[in-house]
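This report concerns a single structure, shown below.

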Amino acid sequence: MPVTGAAPAPVRDLAQRKSDVLGTLARDVQLWLATSGPSGAHMVPLGCAWDGSHVVMATHERHRTARNLRDNPRARAAFGTPADVILVDGPVEVLSPGDLPEDFTPPPGLPLDPARVPGCVYLRLTPQRVLAWRHRGEIPDRTLMENGRWLA
């Protein structure tokens, strides 16, 4: 007996996917962040905000995530659902509120404010690679950013 169901959604071109990704980054306030360290892979949910160039998060400076990033300052952030995937890879700076660089302005809407919560630090991920797809038809062209440059 044949399997029936809804027709697959049309494949979005790279420009539409980029637009959808930027919309998600501007709208979503939570993500999954994966880091690695001496104990292996580590993934946690974190609140976040997009400042137009970086994904900014916050956590306690003693948490495993911050410790991992001090030793290996690369991470992968995951947004969306299994039916609408966005993966953002890149270097992450761990920034103490008292040592913020001049170019850093905390984005509004960050759920945890390290400037007001003792012992917390900012995590600023700079996207270097972005992947996005909604179904198998989009997987062959899922790379939207490579080496920090948008492909669309």
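Predicted model: local features only at pLDDT ≥ 70, side-chain atom pairs only at ≥ 80, totals over all residues.

Glu138 lies in the loop that runs between strand 7 and strand 8 (143-146).

Beyond residues up to four places away in sequence, Glu138 touches Pro10, Val11, Arg12, Arg17 and Trp133.

## Polar contacts of Glu138

Which side chain makes a polar contact with the side chain of Glu138? The partner is Arg12, whose side chain meets that of Glu138 at 2.7 Å.

The Glu138 side chain also reaches a backbone atom, the nitrogen of Arg134, at 2.9 Å.

Is His42 buried or exposed? Its relative accessibility is 17%, so His42 counts as buried, the limit being under 20%. His42 belongs to strand 2, which spans residues 40-50.

The side chain of His42 is joined to that of Thr65 by a polar contact of 3.4 Å. When neighbours within four places in sequence are set aside, the residues in contact with His42 are Leu33, Ala34, Thr35, Arg64, Thr65 and Asn68.

## Strand 5 and its partners

Strand 5 (residues 84-95) pairs with strand 4 (residues 74-81) in the antiparallel sense, over 8 bridges. These two strands form a hairpin, with 2 residues between them. Within this pairing, Gly90 of strand 5 stands opposite Ala75.

Strand 5 is also joined to strand 7 (residues 129-133), by 5 bridges and in an antiparallel arrangement. Here Val88 has Val130 of strand 7 as its bridge partner. A further antiparallel pairing links strand 5 to strand 6 (residues 120-125) through 4 bridges, and Glu93 stands opposite Arg124 of strand 6.

## Summary

The Glu138 side chain has polar contacts with the side chain of Arg12 and with the backbone nitrogen of Arg134, while the His42 side chain has one with the side chain of Thr65. Strand 5 pairs with strand 4, with strand 7 and with strand 6.

Conventions: Residues numbered from 1 in each chain as written. Heavy atoms only, no water. Pairing = 2+ DSSP bridges. Contact = heavy atoms within 4.5 Å. Polar contact = N/O pair within 3.5 Å; in protein donor to acceptor, adjacent residues only side chain to side chain. Buried < 20%, exposed > 50% of the residue type's maximum accessible area, 1.4 Å probe, protein only.
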